[in-house]
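Reader: Mind walking me through this one, contacts and all? I'd like the cut-offs spelled out as we go.

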There are 2 protein chains.
Amino acid sequence: MSKRIRLNAVTVNGPTVSPGLWAHPDDHAHEFTSLDYWVRLARTLERGRFDAVFFADMLGLYDVYHGNPAPALTGAIQVPIHDPTYLVPAMAEVTEHLGFAVTVSTTYENPYTVARTLSTLDLLTEGRVGWNIVTSNLDSAARLHGHSTQVDVEVRYARGEEFLDVAYELWERSWEDHAVVIDKAAGVYTDPALVQGIEHRGTWFSVPGVHTVDPTPQRTPLLFQAGSSERGRQFAAAHAEAVFLNTPTMQATKFIVDDVRQRAEKLGRDPDSVLFFPKITPIVGADTADAHRRFRDFLRFSSTDGIFTLLGAWTGIDFAEAGEDKLLGIASKSDTRGLVESLRRQKPGGDWSSDELAQVFAFGTSALTIGGPEEVADELEEFIDFTGADGFNVASVVQPGTIDDFVDHVVPELQKRGRVQTEYAAGTLREKLTGRGPGLPDNHPGRRASSAVRTP
Amino acid sequence: MSKRIRLNAVTVNGPTVSPGLWAHPDDHAHEFTSLDYWVRLARTLERGRFDAVFFADMLGLYDVYHGNPAPALTGAIQVPIHDPTYLVPAMAEVTEHLGFAVTVSTTYENPYTVARTLSTLDLLTEGRVGWNIVTSNLDSAARLHGHSTQVDVEVRYARGEEFLDVAYELWERSWEDHAVVIDKAAGVYTDPALVQGIEHRGTWFSVPGVHTVDPTPQRTPLLFQAGSSERGRQFAAAHAEAVFLNTPTMQATKFIVDDVRQRAEKLGRDPDSVLFFPKITPIVGADTADAHRRFRDFLRFSSTDGIFTLLGAWTGIDFAEAGEDKLLGIASKSDTRGLVESLRRQKPGGDWSSDELAQVFAFGTSALTIGGPEEVADELEEFIDFTGADGFNVASVVQPGTIDDFVDHVVPELQKRGRVQTEYAAGTLREKLTGRGPGLPDNHPGRRASSAVRTP
């Protein structure tokens with residue numbers, strides 16, 4: 001039987017998913033400061049049986065291109081960008097099943113604070129929260145948080161590992177399952193014998209006490225990861241239950257899926273317990289010709305300055321100085337975010353033409369699928385069946401039009417084919433997405449924290 | 001003309017406002033993990049024309065009494081306690097006017113992160129957010145955030161001042177009023193000439209860059225403060241637009257109101273631009289006898305262990321060791337949170353009987369008003385007219401019953417007398433509460449940050 005295709009929508013709490021497209025007449029993303037905008041999106045996604053909405057996030061400005069943030073500001077390239085975690089309660093209030101994957105960095109936050117935030121959200125949403133674990137890779141974010149420059153990548157990941165250890169201890173070990181008794185007659189709200197301090201003393205963090213939040217439906221929120229560099233893949237293999245990918249082709253996607261699953265297996269995890277969600281940007285028309293007409297219309301708004309602003313931040317190369325030609329040679333340069341590895345894998349010599357690159361980056365780095373509903377459904381099925389991925393992060397060209405079209409035309413076609421769910425499964429986000437739960441699987445490293453005290 | 005009586009509800013994202021009362025059969029506060037619980041409260045408060053809901057918060061456990069957190073856990077004395085800021089979006093989604101004052105510490109957070117959080121909330125609520133600035137006073141919170149013990153109070157306040165400087169710069173100066181243009185034809189989302197880095201380099205923080213959030217309706221959220229120690233009053237006089245008070249009598253309230261207003265005037269601020277909200281716990285019955293019957297019923301659930309747990313955390317004295325007698329002598333001891341000063345002012349010799357103290361602390365430290373609707377309304381009017389305060393923080397004995405009763409019976413009586421608003425004023429929380437805005441008043445120190453660049 002064919003694998004179910006899971007669907008997430010990827011967005012940010014800001015005006016831009018595809019660079020430049022905010023200026024398209026059909027785009028309403030500048031309305032993102034209104035709760036109504038997000039409530040409407042939540043309802044649309046639940047109508048389309050999406051599993052979750054994934055909020056990317058940035059903690060600094062993109063200021064490498066031209067050496068300042070002006071191009072990012074002018075083109076709204078991830079600025080303004082507001083805290084996405086605060087959209088969750090309002091979107092949860094108007095939905096019953098939709099999940100929420102929020103990006104929170106391990107580099108500038110305190111694990112005690114982050115554990116509390118995510119526990120609070122997991123309770124308020126009745127177990128519908130995922131955490132996209134990032135270590136943050138922007139120099140500007142480092143400076144804004146008081147560092148003189150970016151923290152070294154190995155230090156960032158080592159600190160990230162200890163950060164996770166603390167979070168796991170707070171989520172999995174501090175409170176036993178039946179600690180909260182709410183016995184009014186006896187006057188006992190919590191049984192203190194079933195609550196303990198985690199006594200963590202490590203290199204970066206000292207957290208002696210107990211979690212201030214009682215156990216939530218998932219305890220540890222569903223764990224997502226999005227880095228596809230070599231180091232990021234190893235981190236994903238160790239911790240991630242789901243991986244977001246910015247891979248523009250099936251080949252690049254399959255490489256990472258296979259690689260991370262092999263690494264996970266070497267670490268003693270079930271390789272199929274890691275789910276993969278490549279980003280895809282669908283451009284859906286009434287038929288092939290209509291879709292390509294729309295594509296050409298959208299392409300007029302795709303911003304070259306915007307693309308260079310993104311690529312500058314991701315690679316550290318200022319293409320204003322380097323010239324466009326340099327873009328063709330980046331395969332031999334910086335390795336930030338795995339982007340370059342992806343490109344290299346698609347054309348081993350790195351021999352990309354300007355036209356090809358424009359297409360790859362037109363709407364951010366993303367696979368594109370262009371066509372009528374059946375044609376798009378065919379491509380999505382082929383993509384999943386070839387790569388071994390488990391679903392898509394659906395990205396928007398225009399907001400909310402791209403998601404509206406996808407839900408109205410592509411989802412019904414995929415449902416007809418039995419590839420997209422027509423009703424939600426019961427339970428938490430973990431149970432809905434992975435079929436297991438509500439807690440972490442037994443062979444997940446986060447469970448080490450719990451084994452000593454978890455009641456049978 | 002008599003002053004309007006403004007109303008806030010004070011609560012926490014946890015089961016306890018009045019110690020022990022969660023166990024009362026009429027109490028539903030253990031339902032606090034559900035969004036429905038908060039959505040219902042939001043609707044009730046807006047029906048009662050409350051100005052705002054104030055979320056207190058604690059970042060650690062109360063573990064002085066008996067030297068461990070067991071009494072706090074057993075009696076649910078501020079544990080569990082979840083992050084209150086995440087209740088705001090859901091409560092804002094179902095209301096139009098209700099304001100939200102959230103407690104965020106300057107001691108364990110980064111000003112860049114906090115500024116972004118509060119800006120995000122101010123935009124999503126269309127300007128209905130207040131910030132209760134606390135420096136945090138719990139040893140347990142300090143330890144949980146990686147410090148070996150509590151940071152010295154002077155250091156905490158000095159760091160708090162610099163924290164505010166950074167926040168003011170981000171809110172008031174980084175983006176000029178018309179920076180966001182959203183000119184689709186020109187392809188300009190933000191005019192970069194109207195956005196600048198704040199270049200802050202201080203003792204505790206280095207924040208060179210620009211705010212990632214564009215100007216919000218209030219820019220700086222309405223500023224609340226709750227410390228009533230001498231140092232806290234000076235901080236309030238410098239920064240607060242509204243002050244929450246835990247003063248159990250009119251005399252103690254009037255002392256602080258007069259003191260902070262005098263200090264504010266010395267600092268060049270309009271003394272009447274600082275609003276005061278003493279905490280009051282109303283016990284309303286059909287008539288006097290019915291109210292006192294309810295009071296006696298509630299009193300049976302008031303928890304002595306709970307009170308000692310609170311007092312232990314606030315004073316640093318373990319009353320399990322010291323014995324109850326010591327309670328009578330605390331006026332000569334620690335000064336934490338101004339509690340002791342309050343008590344001393346009410347009885348200069350500190351000569352409190354156990355019965356008197358039990359009454360003062362029965363439902364936390366709070367003034368009590370007990371009676372039929374007209375009687376309670378009389379007392380509230382007298383309280384405001386005597387003290388010069390501007391309204392109340394209404395605290396609950398049982399949740400949501402206390403607020404339900406107050407809204408159904410006392411608010412209509414106060415409205416009949418012209419003391420409580422029957423309709424909301426237009427605009428942001430600052431405009432609704434202070435009659436001015438939407439930005440900070442000109443003579444507020446936060447405006448220093450803005451004067452250089454604010455467009456005329």
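**Packing and the chain–chain contact**

Author: Let's start inside chain A: setting aside neighbours within four places in sequence, A:Trp131 is in contact (heavy atoms within 4.5 Å) with A:Val102, A:Val104, A:Thr106, A:Val114, A:Leu118, A:Phe163, A:Leu164, A:Trp171, A:Pro221, A:Leu222, A:Leu223 and A:Phe224. This is a predicted model, where local features need pLDDT of at least 70 and side-chain atom pairs count only at pLDDT 80 or more, while totals for chains, interfaces and linings use all residues. Residues are numbered from 1 along each chain as its sequence is written, chains are lettered from A in the order in which they are written, and side-chain values use heavy atoms, with hydrogens and water left out.

Reader: Which residues have the most contacts inside the largest nonpolar core?

Author: A nonpolar core here is a set of buried Ala, Val, Leu, Ile, Met, Phe, Trp, Tyr and Cys residues joined through side-chain atoms within 4.5 Å, and buried means under 20% relative accessible area with a 1.4 Å probe, protein chains only. The largest one has 172 residues. Those with the most contacts inside it are A:Phe50, A:Met91, A:Trp131, B:Phe50, B:Met91 and B:Trp131.

Reader: How much area do chain B and chain A bury between them?

Author: Buried area is the accessible area (1.4 Å probe) that two parts lose on being put together, summed over both. Carbon and sulfur atoms carry 64% of it, and the total is about 5,900 Å².

Reader: How far apart are the closest N and O atoms in the salt bridge of A:Arg116?

Author: A salt bridge needs a side-chain nitrogen of Lys or Arg within 4 Å of a carboxyl oxygen of Asp or Glu, and the count between chain B and chain A is 2. A:Arg116 forms one with B:Asp57, and the closest N and O atoms are apart by 2.6 Å.

Reader: Which residues of H7(B) are buried?

Author: Helices are DSSP runs (H or I, at least four residues), numbered from the N terminus. Helix H7 of chain B spans residues 230-239 and is mostly covered, with 7 of its 10 residues buried. Those are B:Gly232, B:Arg233, B:Phe235, B:Ala236, B:Ala237, B:Ala238 and B:His239.

Reader: What share of chain A counts as buried?

Author: Chain A has 456 residues. The share that counts as buried is 64%.

Methods. Buried < 20%, exposed > 50% of the residue type's maximum accessible area, 1.4 Å probe, protein only. Helix = DSSP H or I, 4+ residues; strand = E, 2+ residues; numbered from the N terminus.
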